[in-house]
Amino acid sequence: MNGKDYIFVTKNEFKDGIKKDIFLEYAKVYENFYGTSKEQVEKVINSGKDCLLDIDVQGGISLMEKNIKAVYIFIAPPSLDVLKERLFKRSTDSVEVINKRLSVAEREIKQKDRYDYVIINENLDKAFTDLEKIYLYN
């Protein structure tokens with residue numbers, strides 16, 4: 001939802017935001033820009049709440065390299081074959097897009113050891129329980 005979960009802007013507005021250094025992290029993924037607003041994260045933290053970011057590996061590594069104090073959790077598919085099956089079942093992308101996503105996923109999975117925790121998303125309920133345990137522990 002625009003303004004709640006996401007803030008949608010034009011590509012030019014996004015590029016202007018990069019120049020003004022308003023993002024904690026950002027990346028260009030599949031021809032679109034995605035980023036995390038420093039201001040929005042600060043608002044959450046200053047309100048006394050925990051801030052949970054759902055970002056890709058590029059973003060996670062960017063934050064790690066900036067020494068941003070956080071708990072880094074990598075959520076992985078059980079295997080690339082299972083991921084491929086899931087992507088085809090969704091029927092939302094072309095074969096070309098699915099193959100590109102699988103190639104990216106293969107590269108990203110190689111980065112999982114950089115994270116504090118790895119959750120294998122084989123069963124959604126178990127994955128959620130694992131995430132909940134990590135959250136409560138930290």
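**Cores and aromatic pairs in a predicted model**

The largest nonpolar core consists of 10 residues in all, namely Leu 24, Val 41, Val 57, Ile 61, Leu 63, Met 64, Tyr 72, Phe 74, Ala 76 and Tyr 115. Helix H3 and strand E3 each supply at least two residues of this core, and the largest share, 4 residues, comes from H3. The structure is a predicted model, and everything described here should be read with that in mind. In soluble globular proteins, nonpolar side chains tend to be buried together. A second, separate core of 5 residues is also present, and it includes Leu 87, Ile 98, Leu 102 and Ala 105.

Helix H3 deserves a separate look. Within this helix, which spans residues 57-65, the buried residues are Val 57, Gly 59, Gly 60, Ile 61, Leu 63 and Met 64. The elements that cover these buried residues include strand E1 (23-29), strand E3 (73-76) and helix H5 (95-109). An α-helix has 3.6 residues a turn, so residues three or four places apart point the same way. After H3 comes Asn 67, a residue whose phi is positive, near 60°.

The aromatic rings can be followed next. A pair of aromatic rings is described by the distance of the centres and the angle of the planes. The structure holds 6 aromatic pairs. In one of them, Phe 14 and Phe 23 are stacked, with 4.4 Å centre to centre and 20° between the planes. Phe 14 is buried, because its relative accessible area of 7% falls under the 20% cut-off, and Phe 23, at 10% relative accessibility, counts as buried for the corresponding reason. Tyr 72 and Tyr 115 form another aromatic pair, this one edge-to-face, with 6.5 Å centre to centre and 80° between the planes. This pair links distant parts of the chain, since Tyr 72 lies in the loop between H3 and E3, whereas Tyr 115 lies in the loop between H5 and strand E4 (117-120), 43 residues apart. Ring pairs also join Phe 14 and Phe 23 with Tyr 26 and Phe 33 into a cluster.

Definitions and conventions: Residues numbered from 1 in each chain as written. Predicted model: local features only at pLDDT ≥ 70, side-chain atom pairs only at ≥ 80, totals over all residues. Heavy atoms only, no water. Buried < 20%, exposed > 50% of the residue type's maximum accessible area, 1.4 Å probe, protein only. Contact = heavy atoms within 4.5 Å. Core = buried A, V, L, I, M, F, W, Y, C linked by side-chain atoms within 4.5 Å. Phe/Tyr/Trp six-rings, centres within 6.5 Å; stacked < 30°, edge-to-face > 60°.
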